[in-house]
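Dear colleague,

Please find the structure below, handed over for your use.

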Amino acid sequence: MFPFCFEWAWDVGHAIFFGGFWYAISILGAGMTFVIVKAAYDTMNDSKDSHH
């Protein structure tokens with residue numbers, strides 16, 4: 001199912017499918033990266049106004 005697989009063909013169907021697939025994967029990766037960086041930043045800068 002990846003572009004580097006042997007079944008890959010350069011046609012519109014594959015381009016649309018993999019375009020949407022990699023778009024979704026990149027959004028999930030960016031979100032996970034943001035959450036990890038934000039958690040690390042909040043952990044290092046522990047404020048006294050913690051709600052937990």
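Surface patches, as the term is used here, are made of residues with over 30% relative accessible area and no salt bridge, with like charges joined within 9 Å and nonpolar side chains (Val, Leu, Ile, Met, Phe, Trp, Tyr) joined within 5 Å. Accessible areas come from the Shrake-Rupley method with a 1.4 Å probe, and for residues only the protein chains shown count as cover. The model is predicted, so local features need pLDDT of at least 70 and side-chain atom pairs count only at pLDDT 80 or more, while totals for chains, interfaces and linings use all residues. Residues are numbered from 1 along each chain as its sequence is written, and side-chain values use heavy atoms, with hydrogens and water left out.

Overall composition

Of its 52 residues, 4% are buried; buried means under 20% relative accessible area, exposed over 50%, and partly exposed in between (1.4 Å probe, protein chains only). The chain has an accessible surface of about 5000 Å², and carbon and sulfur atoms account for 73% of that surface.

Nonpolar patch

W22, I25 and L28 make up a nonpolar surface patch, whose accessible area together is about 290 Å². L28 lies in helix α1 (residues 12-44) and is exposed, because its relative accessibility is 56%. W22, by contrast, counts as partly exposed at 35%.

Aromatic cluster

Rings of Phe, Tyr and Trp (its six-membered ring) pair if their centres lie within 6.5 Å; planes under 30 degrees apart are stacked, over 60 edge-to-face, and the rest tilted. The whole structure holds four aromatic pairs. One of them joins F17 and F18 edge-to-face, with 5.1 Å between centres and 80 degrees between planes. The pair of F21 and W22 is also edge-to-face, because its ring centres are 5.1 Å apart and its planes stand at 75 degrees. Ring pairs link F17, F18, F21 and W22 into a cluster.

Salt bridge

One salt bridge was found, under the rule that a side-chain nitrogen of Lys or Arg lies within 4 Å of a carboxyl oxygen of Asp or Glu. It joins the side chains of K38 and D42 at 3.5 Å, N to O. These residues are separated by about one helical turn, because they are four residues apart in helix α1. K38 is partly exposed at 41% relative accessibility, and D42 is partly exposed at 38%.

With kind regards

Terms used
Helix = DSSP H or I, 4+ residues; strand = E, 2+ residues; numbered from the N terminus.
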